[in-house]
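Please keep the sequence and the three-dimensional view at hand while reading.

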Amino acid sequence: MGRAAAILRGRFWLGPGILVSNQDSHFFNVFSSVIGILIAITIGIFVYARMLGGAESSAHAVIDPLRQAGVTERTAPIGRVAIAGQDNSALVIAPPPGAAPAVVAALPANGEETYKAICGVCHGAGIGGAPKLGDAAAWAPRKAQGTDLLYKHALEGFTGKAGVMPAKGGRPDLTEDLVRQAVDYMVAQ
Ligand code: HEC
């Protein structure tokens, strides 16, 4: 079909081999103007948003120390790790202000008190095979081992024929001195 015939039948000739009908060009015009309007609306919304957000603009937010502190707080890690051999004093958990001081079991003052508070639980009645306080027959062979070994067994724990003696009587917070004094007290009875 020739070029002239095509034009006669309502088609435009755009170039060699490209024919556009009247309907197509109408669609093309409407389509481009819709796209154009949408682009204009987009740019309008963008400009409007910039105007609204100007006061809160990012430059301002970065400078504001209060805002920065808030961000630091919100993004702070939940937990921190104490590393052996380093100063971890900053990680000590402080009681909330106004809270009652933490209840720490008070240490006994001397050997006798230590015995009464801790060792006597077993050694008073001979629980679990513990040599009873004042039971000369039970203590004689133990005394014979020498006080140093008794100290060692009391401090580090000891499993003998009679039963299990827990290290420091099961109170690891006792000072070594108190344990030795308690041994002295028990041996002296
Ligand atoms: C949970 C019970 C228990 C408590 C608490 C306990 N002991 Fe004992 N203790 C034992 C038993 C059981 C033995 C006997 C172990 C054996 O000879 O088989 C023992 C033995 C000993 C001996 C003799 C060790 C030896 O070499 O013969 C000493 C000294 C001693 N205890 C000291 C203490 C002191 C000091 C305390 C408190 C700080 C204490 N014990 C608290 C259970 C206990």
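Leaving aside its neighbours within four places in sequence, with which residues is Cys119 in contact?

## Contacts of Cys119

The structure is a predicted model. In this model, Cys119 touches Thr114, Gly169, Ala182 and Met186, once its neighbours within four places in sequence are set aside. Cys119 is also one of the residues closest to the ligand, and it belongs to the largest nonpolar core.

## The nonpolar core

The largest nonpolar core consists of 12 residues. Its members are Tyr115, Ile118, Cys119, Cys122, Ala130, Ala154, Leu174, Leu178, Val179, Ala182, Val183 and Met186. Two or more residues of this core come from each of H5 and H8. The most is given by H8, with five residues.

## The packing of H5 and H8

The axes of H5 and H8 are 9 Å apart, and the two helices pack at an angle of about 75°. Angles of 65 to 115 degrees count as roughly perpendicular, and H5 and H8 are therefore roughly perpendicular to each other.

On the H5 side, the residues that meet H8 are Gly111, Glu112, Thr114, Tyr115, Cys119 and His123. Their partners in H8 are Leu178, Gln181, Ala182, Asp184, Tyr185 and Met186. Sorted by class, this contact of H5 with H8 contains six nonpolar, four polar and two charged residues.

## The surroundings of the ligand

The ligand is surrounded by 31 residues, of which the closest are Cys119, Cys122, Gly160, Met165 and Gly169. By class, this shell has 18 nonpolar, 10 polar and three charged residues.

Which elements each supply at least two residues of the shell? They are helix H5 (111-123), helix H7 (147-156), S4 and H8. The largest share, six residues, comes from H5.

## Two positive phi angles

Most residues other than glycine have a negative phi. Lys168, although not a glycine, has a positive phi of about 55°. This residue lies in the loop between strand S4 (164-165) and helix H8 (176-188).

Is Lys168 buried or exposed? A residue is buried if 20 or more other C-beta atoms lie within 10 Å of its own. Lys168 has 21 other C-beta atoms within 10 Å and is therefore buried.

## A hardly covered helix

Helix H6 spans residues 136-144. Among its nine residues the count of buried residues is zero, so helix H6 is hardly covered.

Key
Residues numbered from 1 in each chain as written. Predicted model: local features only at pLDDT ≥ 70, side-chain atom pairs only at ≥ 80, totals over all residues. Helix = DSSP H or I, 4+ residues; strand = E, 2+ residues; numbered from the N terminus. Near = placed C-beta within 6 Å. Nonpolar A, V, L, I, M, F, W, Y, C, P; charged D, E, K, R; others polar. Core = buried A, V, L, I, M, F, W, Y, C linked by C-beta atoms within 7 Å. Contact = placed C-beta atoms within 7 Å. Axes fitted to C-alpha atoms, helices over the stretch in contact; angles between N-to-C directions. Parallel < 35°, antiparallel > 145°, perpendicular 65-115°, else oblique.
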